[in-house]
Amino acid sequence: MSRLVEIFTDGACRGNPGRGGWGVLLRYGDKEKILYGGEETTTNNRMELIAVIKGLEALNKPCRVKITTDSKYVLTGMTEWLPNWKKRNWRTASKTPVLNAELWKKLDELAVQHEIQWNWVKGHSGHAENELADKLANQGIDEL
């Protein structure tokens, strides 16, 4: 797993729930690929999760991956909450079903295939790749 792929993701929603979009920038060396899409009725958190899922789905073999997101929901979910949700059969500490469990399960399934470093960046703070991912997510909404 020597190759390092950088994945920058963002999700957006107009209304929450409402029309949503997701955007991804993948970078491997000097090569870049952009992905984006949207859904008619969704939530911001679902779009944030789908962005990361789509980024990982674009990889065709196991890689070292650096994922940068502005979603503390995704970051904390993957780095802190996930092991306990799995132990509790996809229930939260308060015994309620985990929201978006099907997306968390899909993300978990993809993530274990790679060596992932998770990074958080403040949204709308001038981080060039995050701004591009945000623009792509909004393009996903605009093209619905």
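Okay, so before anything else: what we're looking at is a predicted model. Let's start with the overall layout. How many helices and strands does the protein chain have? It has four helices and five strands. If you walk along the sequence, the order goes β-β-β-α-β-α-α-β-α. The radius of gyration comes out at 15 Å, close to the 15 Å that the globule rule gives for 144 residues, so the chain is as compact as a globular protein of that length. The C-alpha trace spans about 45 × 40 × 25 Å along its principal axes.

Now, what about contacts? Take the ones with a separation of 6 or more: 66% of them are between residues 24 or more positions apart.

Next, the inside. Of the 144 residues, 47% are buried. Here's a bit of background: nonpolar side chains tend to be buried together in soluble globular proteins. In our chain, the largest nonpolar core has 32 residues, and the members touching the most others are I7, L56, L59, W104 and L107. Which elements supply at least two residues each? Those are β1, β2, α1, β4, α2 and α3. The top giver is α1, with seven residues.

Let's zoom in on L59. Leaving out residues up to four places away in sequence, L59 touches V5, I7, L26, V65 and H114.

The accessible surface is about 7,600 Å², and carbon and sulfur atoms hold 49% of that. As for charges, there are 21 positive and 19 negative ones, and their mean positions sit 6 Å apart.

Note on methods:
Residues are numbered from 1 along each chain as its sequence is written. This is a predicted model: local features need pLDDT of at least 70, side-chain atom pairs count only at pLDDT 80 or more; totals for chains, interfaces and linings use all residues. Side-chain values use heavy atoms; hydrogens and water are left out. A nonpolar core is a set of buried Ala, Val, Leu, Ile, Met, Phe, Trp, Tyr and Cys residues joined through side-chain atoms within 4.5 Å. Buried means under 20% relative accessible area, exposed over 50%, partly exposed in between (1.4 Å probe, protein chains only). Contact means heavy atoms within 4.5 Å. The radius of gyration is taken over C-alpha atoms; the globule rule is 2.2 Å times the number of residues to the power 0.38. Accessible areas come from the Shrake-Rupley method with a 1.4 Å probe; for residues, only the protein chains shown count as cover. Lys and Arg count as positive and Asp and Glu as negative; His and the chain ends are not counted. The place of a charge is taken as NZ of Lys, CZ of Arg, CG of Asp or CD of Glu.
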